[in-house]
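I opened this notebook to keep track of what I looked up in the structure. The entries follow the order in which I went through it.

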Amino acid sequence: MHTIQTLDARTIIDAGIAEAERIGNPTNIAVVDASGCLLAFARMDDAWRGSVDIAIGKAWTARAFDVETKALAKLAQPGADLYGIHASNGGKVMIFACGMPIKEGETVIGALGVSGGTGKQDESVAEAAAQAFARG
């Protein structure tokens, strides 16, 4: 199985931290490998402790379903096709935005998750982190 490597995961986290510092919001950043196992994690000083598991869950969810958690959230609303999915997998599924698959070409090789701020703050950090590993 082709998977993201530790050095790349650190690059992703470092880019996320740089953006979080730029916007002045401490955050939690998780990177999982192709199998969904946690590969790297950073909790910045003063980042919300309650967001540690959320960041990890967002990364896991993005890999488990190979979709951005923001898109999954829309499908998980009442009346939508995947309503209730957040209760599956022992409650491990996170349907908050800012979980993103990491791809090499069309192949998903891992995922990242960010949590610790507003949706806009998390999105800014997640996008910066993802851009650090943009391999088309």
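Entry 1, the sheet. I began with E1 and E4, which pair in the antiparallel sense over six bridges. Strands here (E, at least two residues) and helices (H or I, at least four) are DSSP runs numbered from the N terminus, and two strands pair if DSSP finds at least two bridges between them. The model is predicted: local features need pLDDT of at least 70 and side-chain atom pairs count only at pLDDT 80 or more, while totals for chains, interfaces and linings use all residues. Residues are numbered from 1 along each chain as its sequence is written, and side-chain values use heavy atoms, with hydrogens and water left out.

The open sheet has four strands in the order E2-E1-E4-E3, with antiparallel pairing. E2 and E3 are at the edges with a single partner strand each, so one side of each has no neighbour in the sheet.

I checked contacts (heavy atoms within 4.5 Å) and angles (0 to 180 degrees between N-to-C directions, from axes fitted to C-alpha atoms, for helices over the stretch in contact). H2 lies across E1, E2, E3 and E4 and runs at about 155° to E4. H4 packs on the sheet too, touching E1, E3 and E4, and its direction makes about 150° with that of E4.

Is Arg 63 buried or exposed? Arg 63 is buried because its relative accessible area is 17%, and buried means under 20%, exposed over 50%, partly exposed in between (1.4 Å probe, protein chains only). Leaving out residues up to four places away in sequence, Arg 63 touches Val 32, Asp 33, Ala 34, Gly 36, Val 108, Gly 110 and Ala 111.

I took a nonpolar core as a set of buried Ala, Val, Leu, Ile, Met, Phe, Trp, Tyr and Cys residues joined through side-chain atoms within 4.5 Å. The largest has 22 residues, of which Ile 12, Ile 13, Val 31, Ile 102, Leu 112 and Val 114 touch the most other members. Elements giving it two or more residues include helix H1 (6–23) and strand E4 (107–115). H1 supplies the largest share, five residues. I also noted a second, separate core of seven residues, among them Trp 60, Ala 73, Val 93 and Ile 95.
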